[in-house]
Amino acid sequence: MARSKDSGSRFERVAFTPAVGSSDAGEGHLSRRTLVAGAAWSVPAVTLLAAAPAFAAVSGGSLSVSAPNGRVPASGAVPVTAVVKNSSGQPNAGTAVTFSGATGTSFTPVSATTDGSGTAVTQMDLGTPWAKPGSTVTVTAVSGSDTTSGSFSVLGSNVVVAGLGYSSVLAQSELVFPSPVVDAVAVGGENSWFMVLLANGAVWTKGSNNYGQLGDGSLTSRSTWAPVLGLTSGVKQIAAAAAVGFALLADGSVKAWGFNGNGAVGDGSLTNRWSPVQVYGLTSGVTQIAAAAATGFALLADGSVRAWGFNDAGQVGDGSLTNRWSPVQVSGLTSGVTQIASAGHTGFALLSDGSMRAWGFNGSGQVGDGSTTGRLTPVPVSGLTSAVKQIAAGLHTGYALLSDGSVKAWGLNGTGMVGDGSSTNRSSPVQVSGLTSGVTQVAGAGYNGFALLSDGSVKAWGFNSAGQVGDGSTADRLSPVSVSLPAGQVAQRLATNSTVSSTAMIIMGETALSVDVVETAIAAGSAATVRARVAKVSDSSGVTGSAVTLTATSGAVLGVTSGSTDSNGVFQTTVTPDTWTTPGGLVRVTARNEVSTAVDTVSVLGSNVVVAGLGYSSVLAQSELVFPSPVVDAVAVGGENSWFMVLLANGAVWTKGSNNYGQLGDGSLTSRSTWAPVLGLTSGVKQIAAAAAVGFALLADGSVKAWGFNGNGAVGDGSLTNRWSPVQVYGLTSGVTQIAAAAATGFALLADGSVRAWGFNDAGQVGDGSLTNRWSPVQVSGLTSGVTQIASAGHTGFALLSDGSMRAWGFNGSGQVGDGSTTGRLTPVPVSGLTSAVKQIAAGLHTGYALLSDGSVKAWGLNGTGMVGDGSSTNRSSPVQVSGLTSGVTQVAGAGYNGFALLSDGSVKAWGFNSAGQVGDGSTADRLSPVSVSLPAGQVAQRLATNSTVSSTAMIVMKTS
């Protein structure tokens, strides 16, 4: 074989003239310098009808969703198909199907209509180019009331490339791999080809195939990636010569394929192999492989090294220049070797003592022994007698990573591949400029060197005509420069590559996106801190520069919706829930980058109650944003000892205000202006009521508890002792369906339709025919059955019977009993005119209200400030029509000297005393007939608060979304 060399020239020239058009070409000639030709990478079309689509029953038929081959690309449109069939298995045409997937996934269209074959198709784009190859995504299809989901595998890439065969700008490779890439090889020259090893143990190739180097059993070149025959799993490492592929299997055996004119396949023949064959003798025990231009190397578990193939410069290392068709022992390396590497025609070995050996071609000093004399057997590399951690090589240059994180290089340096800032060949190792520490891996590829740093960044140097340095230019680099990695991505490892490569290939690390709303709960309208973080999966360190986009639900507003992570991998902003967010609702914050999405939630403390009057403003407004669950009822108690109570949807009772008798139920006598739960009533409460300084709670089990002032027996526990926390009302341990409270009297409606009362009885309001205070519940006379509702004024009781008639008893000084007189009644009597059609009842301090089945409202009793609502201030001893409320009312309520009506359209009317603004119309003028309450814009009333008979505060429960 003729060889010409110029040790001082920029490149070394060797002819490569194998036989053409034959699968078993004879001995050929391989060039030591093989430039990579440009083979375009193309993404194969993804065809999507999964072998096992997801199905769901549809009105006796079926709904399925599928994607081509059950796989979808990490980014880019792909068809997703839904098929709807009827109960007979026939296509359902004209049926709407809606598609959805992970946050950020786009569907065009979102909703499609099935054609004559029952098929609806959408174009889906995950929009996450850096999604982990082989990860799973779910697509959901909905047709009518039926839903089905399909899980599909992601095709992607975690490799960035630049140089021949690709762009001069470093970028992600084709999104086609079903598993993450763990190593990659580019082979340059006129017959350029590429190979990757996937995490699932499969080997894929693409490019030129004139010698069978793609390993697919043919000589057909292709620009698309496909698996190597027989290597779909179980491969541990790959390597490549100019037209030969090598694979180390998990069982320690080695296979090879491709050009075999010099014996590089190692099967004992010179026959080209179009698919992998066993390398002779290497059926087990191999721990590493390497490849020169046309020579193979194997490191065995016993520390010995074998080599085979082209041996024009002694690179086989057996002391000869004879090509070897099968592996032979490298002279002197029978034990103690921990790593191997190879240049184009030169072998390298790292020994267990940290020293290096080299052999073979040395025209540019690549053996590193201080000379340019070829070596047929291994010799020490000058100056590297210890502390070498890892070795690598380019076409004619050697590299060593030392234990202190520095890098040395030697050999050919015409375009800066040694990286010492010069173009002078080096026959012994010299320091690579700037790489004195912090390097974790070194690699060579053709006329380039690469270094991976501990922070995940990469440096490169050398020949750059095709942009293979990866800095975005095509200018040669005589010393290391930073590789322009994609924003937000970090390198995991440098590809092993090949000695005849002109393409940079870097394996990117897997990153994880997380998002944390720092606060666990936040008041509606207040800002919570949001931290999105991108970190390396390998060590959890932060990734700088990852672009993150945020979205929030429930009308919450983000401080900033997008940005890039800082040096700690964090992008921070705020999220502010809407003021009217449902109390206890969750605001979901979703973070998204090019890899994935992440979600966190924050619970919202809020309020769905509007208030006006004593204890609040004269203008109706939302109450404090403090409740962890929606308010379902509320009570305000006026006077010098004003206090407030709410029942939450979670069954808890909260209070605030004066506490001189223990009415806040927190076990103390300490008043407070902030809301807090009542002791023991954090769940299970069904209804609340309040007297002047007494709280009542009806539990879901039908029992009643009470607390607060007990001087008249209103707590109902058989004593006159004030209770600072809830106690059981005597005898009411079950069967109660409703409670009510007068100024200092309690009432209970039982499931059998009977009524009990207890407490203050100065006007006969207990209804037992006496004026004696009752310390525990007694039967209300005559109301032993048939009662469906109860209510109470300050000293007067009311009952609605199943026939729609009303009864009343107690104080009647203003006509509040409604029997046409002002005579007090010690037992229940009929309310005049309300003998039927009453739907709901309520009361203020001295006024009664009745909602009729036709939606009209009647009222009677005290009317000095218009609380009857008939347009006058004259007391009424029997029911009269409330002005303007002749229909459309769905609920009526009383509170102190006011009446309230909820209309079917969600609006509210109010009337009566208004010194504190409790009518809620924005004024403090008394209203003798109903006026519109000024509800907050965009809000609708759900119900009127039960309130108390001694309230001077309007409380309205608003609808929640």
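In this report two rings of Phe, Tyr or Trp (for Trp, the six-membered ring) form an aromatic pair if their centres lie within 6.5 Å, and planes under 30 degrees apart count as stacked, over 60 as edge-to-face and the rest as tilted. By this rule the count comes to 19 aromatic pairs. The model is predicted, so local features need pLDDT of at least 70 and side-chain atom pairs count only at pLDDT 80 or more, while totals for chains, interfaces and linings use all residues. Residues are numbered from 1 along each chain as its sequence is written, and side-chain values use heavy atoms, with hydrogens and water left out.

**Aromatic pairs**

Phe627 and Trp654 form an edge-to-face pair, with 5.8 Å from centre to centre and 70° between the planes. Because Phe627 lies in the loop between β49 (621–622) and β50 (631–637) and Trp654 in strand β52 (residues 653–657), this pair ties together parts that are 27 residues apart in sequence; strands here are DSSP runs (E, at least two residues), numbered from the N terminus. Both Phe627 and Trp654 are buried, a term that means under 20% relative accessible area, with exposed over 50% and partly exposed in between (1.4 Å probe, protein chains only). The rings of Phe696 and Trp758 have their centres 6.0 Å apart and their planes at 70°, so this pair is edge-to-face. Phe696 lies in strand β55 (residues 694–699) and Trp758 in strand β60 (residues 755–759), so the pair ties together parts that are 62 residues apart in sequence.

**Salt bridges**

A salt bridge is a side-chain nitrogen of Lys or Arg within 4 Å of a carboxyl oxygen of Asp or Glu. A search of the whole structure finds 17 salt bridges, and the table lists some of them.

| Residues | N to O distance |
|---|---|
| Glu174 and Lys206 | 3.0 Å |
| Lys656 and Glu624 | 2.6 Å |
| Arg672 and Asp666 | 3.2 Å |

Lys656 lies in strand β52 and Glu624 in the loop between β49 and β50, so their pair ties together parts that are 32 residues apart in sequence. Lys656 is buried, with a relative accessible area of 8%, whereas Glu624, at 24% relative accessibility, counts as partly exposed.

**Charges over rings**

A charge sits over a ring if NZ of Lys or CZ of Arg is within 6 Å of the ring centre and within 35 degrees of the ring normal. Lys656 also lies over the face of Phe644, at 5.4 Å from the ring centre, and the charged end of Lys206 sits over the ring of Phe194, 5.4 Å from its centre.

Key:
Helix = DSSP H or I, 4+ residues; strand = E, 2+ residues; numbered from the N terminus.
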